[in-house]
Amino acid sequence: MASLHKAAALLALLAAGAAQADNISLRIGFSEGRSGAEFKPLHAEVGKFAVTPNVRQGAEGDQWVVVAKDAQGRVLHEVSVNNGLRRHVETFNPRTGAIDLSTTVQQRDGSFEVSLPYDQATASVEVLPRQGGTASAKSAAATGAAPLARFDRGALDLAVSNARAGRSAKLAATPAATATTVLNTGSSSARMDYVFIGDGYTAAEMDKWRADAQKVINGFLADPLFNANRASMNIHRVDVASNQSGVDELDKGIYRDTAMDGEFACYNIERLLCVNNTKATNIAASVLAPDARDVIVVIANSTRYGGSGGAVATLSMHASSIEVALHEIGHTAFALADEYEYGTCSTSSEPTEVNVSLNGTRAVKWGALIAGSTAVPTGLGAYPNGTVGAFQGGQYCMTGKYRPTENSRMRTLGYPWHAVNEGAVQKVFAKYTGSGVTQTGTLSSGGSANAPSASPGYVSAGAGTFALTLSGPANADFDLFLFKWSNNAWTKVAASEGNTSSESISYNGTAGYYYAQVKSYSGSGSYTLNYSFPKP
């Protein structure tokens with residue numbers, strides 16, 4: 001409870017009208033400076049849209065952590081983003097779907113976008129470094145790392161003022177665009193929104209663009225995983241005209257004047273398709289709210305095979321390119337690791353991604369999904385593909401790392417995602433929809449644990465039904481509580497205190513700040529808590 005008592009002063013500032021607090025959407029540009037990465041706000045807007053969920057915490061590769069802090073330096077919200085100066089790229093064989101090239105390239109500049117709390121408590125926004133792939137997923141803010149950049153409240157207010165006055169040079173050249181919602185399942189504040197934009201389609205080719213976009217969208221929704229989660233998604237098509245048809249093909253000396261500078265053979269890699277991420281984000285932002293552009297996918301007007309991931313995913317109209325896009329979205333949107341061996345291997349620490357591990361025993365992180373009849377480590381060809389085991393090889397290592405299935409989409413294009421990856425994807429969708437978060441842990445006799453366990457130790461929730469279920473050891477008595485910040489103190493608003501470790505709460509509450517607590521009345525052991533709070 002100590003961390004929650006420390007939060008009391010902060011929440012005293014937020015108690016009035018918490019559910020109505022504004023958030024800020026920041027488009028931050030980065031470039032390589034003389035002494036490292038340099039950052040500056042390109043655009044800022046304030047409104048009552050949702051904050052960006054921290055879905056990439058612990059993803060592979062170098063990360064930056066963007067944090068909103070109060071005047072005392074306490075973290076209000078944090079979001080992990082890729083270190084855009086070190087970009088991991090990969091290309092695949094169009095015939096076999098197997099990896100051809102996996103490497104890291106240096107990128108001179110770019111941008112990313114995050115939405116953070118911006119009520120009266122927000123004093124600054126910082127960009128912090130964090131090394132990806134470490135055993136600990138603790139907040140970089142908690143380590144005392146020196147910020148790479150810091151924007152105080154005055155600088156943020158100025159960026160918002162400049163944007164409102166139309167003084168953003170980066171946005172001035174954004175071409176006219178329109179947005180059409182193709183799939184609408186609910187408010188963008190409680191959905192994961194996908195945006196498809198065409199590059200290299202002229203004004204005379206808009207009918208072709210709309211047909212191509214629908215073909216790609218149909219392909220995404222035909223994927224069983226996306227189809228199963230379509231109720232958690234919105235899909236938007238953005239129409240924007242380029243001056244010329246097609247995209248650059250640098251290796252062939254072909255150049256086109258397009259809205260997002262699409263180009264094949266970027267970084268001298270034949271099948272790599274790149275766009276200007278800042279231009280793509282600017283175009284999407286000109287017609288869609290910040291929480292309605294969670295994942296941006298650019299479709300090039302070309303049948304040449306290729307694509308890429310990163311802050312903005314790309315694909316072409318080649319018949320196999322959609323498989324490239326699905327794999328890359330596995331990284332970008334769901335923080336999944338590559339399961340192939342090609343690349344630079346490191347076994348220095350346990351990967352934080354859910355689908356690779358140094359552990360080749362039944363105690364591996366996905367061990368609960370391994371059947372008792374499945375041998376561990378698991379041999380190739382011994383079981384039907386999709387059987388969960390511990391298969392040697394993954395995340396660029398031939399040996400020393402293990403993957404959960406023999407072959408999946410994160411290893412070879414055209415294969416299913418399979419159970420472990422599907423579970424990770426569903427948890428990401430849940431962060432957007434509020435449909436459920438699962439927390440596991442271990443209690444000693446008389447001990448307790450709070451949820452969420454991550455800083456700041458509570459969440460902002462809207463009005464509605466709070467659903468919580470707890471399961472624990474058969475020989476223990478665990479209790480479940482729900483607390484709300486009210487009248488400058490934490491108040492217990494619901495409890496489930498039966499004689500077992502299986503408890504549940506269904507509470508109809510008003511908007512505000514909440515946390516849950518699991519407590520051992522007697523006995524010890526591991527627990528699983530699933531909780532769903534209404535979106536603010």
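This is a predicted model: local features need pLDDT of at least 70, side-chain atom pairs count only at pLDDT 80 or more; totals for chains, interfaces and linings use all residues.
Pro452 sits in the loop between strand S22 (448-451) and strand S23 (459-461), with helices (H or I, at least four residues) and strands (E, at least two) taken as DSSP runs and numbered from the N terminus. Residues are numbered from 1 along each chain as its sequence is written, and side-chain values use heavy atoms, leaving out hydrogens and water.

Another cis peptide bond runs from Val376 to Pro377, this one with omega near -10 degrees. Pro377 belongs to the loop between H8 and strand S19 (391-394). That loop also holds Ala335, where phi is near 60 degrees, a positive value in a residue other than glycine. Ala335 is buried at a relative accessible area of 10%; here buried means under 20%, exposed over 50% and partly exposed in between, with a 1.4 Å probe and protein chains only. Asn268 also has a positive phi, about 60 degrees, without being a glycine. Its place is the loop between strand S14 (263-264) and strand S15 (273-274), and with 78% relative accessibility Asn268 counts as exposed.

On to the packing. A nonpolar core is taken as a set of buried Ala, Val, Leu, Ile, Met, Phe, Trp, Tyr and Cys residues joined through side-chain atoms within 4.5 Å. The largest one has 37 residues, and the members touching the most others are Met192, Tyr194, Phe196, Phe220, Phe226, Ile329 and Phe334. Elements that give two or more residues to this core include strand S11 (192-199), helix H5 (206-222), helix H6 (224-228), strand S12 (233-240) and helix H8 (321-332).

Setting aside residues up to four places away in sequence, Tyr194 touches Phe226, Met233, Asn234, Ile235, His236, Val295, Ile329, Ala333, Phe334 and Phe429, where contact means heavy atoms within 4.5 Å. Phe429 is also touched by Asn229, as is Gln426, again not counting residues up to four places away in sequence. Asn229 lies in the loop between H6 and S12 and is buried, at a relative accessible area of 9%. A second, separate core has 25 residues, among them Trp64, Val79, Val81 and Phe151.
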